[in-house]
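Biologist: Before we discuss any labels, could you show me the model, so that each term can be set against its cut-off?

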Amino acid sequence: APEGELCLSKPFACLRCPNAIMFTDHLPQLISMREFVEDARVTLAPPEFISTWQDDLARLDEIIESFDTDAVANARDMLVNGSETLRLPISSRSGQGA
């Protein structure tokens, strides 16, 4: 979005945005997003998965791997114990990336 304006792009657009900053408290959502994308691998034909999600999956892996292992483990624990769940707008759940 232009400087000073709220970005209203779908959440997956943040993965490609050069202005995006990811913090440790984003990790549970990032890990959930990755699981969502992995689930899409099962339901989509390979060419559709590759064209829709492959780049997002690679970027999610890159971002998650940039955090230390303890932070990632803590984020995974938050997901397992149910204190964090994926929050995606309906428009992002249809199998379409940003």
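This is a predicted model: local features need pLDDT of at least 70, side-chain atom pairs count only at pLDDT 80 or more; totals for chains, interfaces and linings use all residues.

Biologist: What makes aspartate 56 count as buried?

Modeller: Its relative accessibility is 1%, and because the cut-off for buried is under 20%, aspartate 56 belongs in that class.

Biologist: How do you know that arginine 16 and aspartate 56 meet in a salt bridge?

Modeller: The N to O distance between their side chains is 2.6 Å, and since a salt bridge requires such atoms within 4 Å, the pair qualifies. The pair links distant parts of the chain, with arginine 16 in the segment before H1 and aspartate 56 in helix H2, 40 residues apart.

Biologist: Why is the contact of arginine 34 with glutamate 38 called a salt bridge?

Modeller: At 3.4 Å from N to O, the contact is within the 4 Å cut-off, so the name applies. The two residues are four residues apart in helix H1, and therefore separated by about one helical turn.

Biologist: What makes arginine 59 and glutamate 62 a salt bridge?

Modeller: Their closest N and O atoms are 2.8 Å apart, which is again within 4 Å, so this pair also meets the definition. Arginine 59 and glutamate 62 lie three residues apart in helix H2, and arginine 59 is partly exposed at 28%.

Terms used: Residues are numbered from 1 along each chain as its sequence is written. Side-chain values use heavy atoms; hydrogens and water are left out. Buried means under 20% relative accessible area, exposed over 50%, partly exposed in between (1.4 Å probe, protein chains only).
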